[in-house]
Amino acid sequence: MALTRQSPRGAGAPGDARQGKEPVEEPRHLDSALLLTLLLLTAVMFQDPVRRALAAPVMQSWMTVFVAVVLQALPFLVLGVLLSAAIAVFVPPSFFARALPKRPALAVPVAGAAGAVLPGCECASVPVAGALVRRGVAPAAALAFLLSAPAINPVVLTATAVAFPDAPEMVLARFVASLLVACAMGWLWQRPGRADRLRPPSRSSYEGQGRGPAFWGSVRHDVTHAGGFLVIGAMAAATLKAVVPAEWLRAAAGHPVLSVLALAALAVLLSICSEADAFVAASLTQFSLTARLAFLVVGPMVDLKLFAMQAGTFGRPFALRFAPATLALAVAVSALTGAVLL
Amino acid sequence: MRGNLNHQAQAALLFLLGATVLHAGLTDLHLRYVKAGLRPLLLLSGAVLIATAAATVWYAWRRPRHAEGHREPRVSWLLTLPLLALILVAPPALGSYSATHTGTALREPLGFPDLPAEGPLRLGVGEYAARAVYDHGRHLRGRSISVTGFVALDGDGAPYLVRMGLNCCAADAQPVKIALTGEVPPVLRPDTWLELTGAYSPRRTTDPVNDGPVPYFEVTAAEPVPAPADPYDDAWAG
């Protein structure tokens, strides 16, 4: 297959070039191109036993749902990654500092609303928010942007509309609830003595490269990174769908308060990319629209992978306070919004 | 960082993923998992993935020093899973297992368009069920009807003819079921596609999973047919 043509060069040339640069590190590297080749060849060799092992109906149905979630979400992921790479590379960060009002109280809603025109999933918004803080944007405004951008941008809202063809009000509810939470969190963090808990990030990974390498490097990194988390989300969704007895879900779904809390917890655990989460939410047909709205509002703002990224970018003390506060507020606001709009 | 993907492995992974997505989009394979309307987006994203792989190889080749130092996410390895699932297994469209574990999704449609006045009727599973349950079979009585779907057997071995419907992708697929009576073939294997000819039956039962309404169909003849290219039915899910 194509892999065997590609991998000798991939395994050889850059490795040689690296050897002079970091001679101490190199021996510890297990060449991943080689590993990938071996993995794929092994899988092809043992495909018959693997197929037999997967022939049980429950495994088949698990795999069908798994592949379906990945295939359905992948085009939207790729689209979002392309747009966010274009913005990260072709729009100078100083543009945002100039465009925002000087007073933080005003800058928060403006930055929150600005999230609507910056497509990307939450993996993309953490580095962009870090860049904004570095370029002198008020931290409160950057936080509002961090929370709103992955939830209310056109790509995500379009995906939501596609996933809920029978409930267009879901798109409006998601937009309103996410923007409210983002602005409220921004204003909360704007109070004196709050901003110092946020440790501004120090470097940008794409500075000092040409635009072409920076653009494609960003696309490659974001697709493999967010795609990996998408696979985790798809596996969790498939497991929920194929393995968890329908009675459990129905029991949780039947209780109005429990259903909202259950799906909020699920959103935190699944850590699905915001460009894909609408499709997972649509598949949770047992749950009320309000509970699914909580899933869609919480997911892009608080989840396991996002917590890790926020802790890495802004410091662990900040993330430890910011994430639980956002979760509580997001659940409350989506319950209220659901009661009004859905 | 042992075990991390370097740029070349990422490029290979992206290329394979793109090629697989293109393959699924160009053949009928994608119809097992998603709606036909997603096809252009699938083809586009497959092309972008391959272009990304090509650009990565190109820049790494021209300026190899940029390939170092940056820690690559270990989570990327997981992208091999959908790749292997699609290349090696290509799981089938959801069938009788999901159908018997999910309640019927029959809902009352907004209206019942007129049927042709003469000759045998060819109806979808969902349309027959909706007209039988919510229209009391008004236009179905005394007509020869044919429906196509796959066989599912419930816990007691009672046969159903089922068609799954999609809202968005196979993750939210829900079945519509018709219970079979009359000259049902003595040996039925689940997941066999059948074209049944018969007549309306006023009998009703309820789905054992969610107590939804399930109409009966009086079978006079059954013929095995190949599975359709698009195994899902979205006519009823409007």
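Predicted model: local features only at pLDDT ≥ 70, side-chain atom pairs only at ≥ 80, totals over all residues.
The confidence score called pLDDT is the predictor's confidence in each residue, from 0 to 100. Helix α1 of chain A, residues 2–19, has the lowest mean pLDDT among the elements of that chain, at 39. The highest mean, 93, belongs to helix α15 of chain A, residues 289–301. Taken over its residues, chain A averages a pLDDT of 78, and 82% of them score at least 70.

Domain 1 of chain B covers residues 7–89 and domain 2 covers residues 96–224. The C-alpha centres of these two domains of chain B are 40 Å apart.

The backbone of chain B also deserves a friendly look. Most residues other than glycine have a negative phi. B:A90 sits in the loop that runs between α3 (80–89) and α4 (96–101) of chain B. With 18 other C-beta atoms within 10 Å, B:A90 is partly exposed.

A positive phi is also found at B:H136, a residue other than glycine, with a value near 55°. The loop between α5 (125–134) and β2 (145–153) of chain B holds B:H136. Is B:H136 buried or exposed? B:H136 counts as exposed because 12 other C-beta atoms lie within 10 Å, and a residue is exposed if that count is 12 or fewer.

Technical notes
Residues numbered from 1 in each chain as written. Chains lettered and ligands numbered in written order. Domains from an automatic or database assignment. Helix = DSSP H or I, 4+ residues; strand = E, 2+ residues; numbered from the N terminus. Buried ≥ 20, exposed ≤ 12 C-beta atoms within 10 Å, placed from the backbone.
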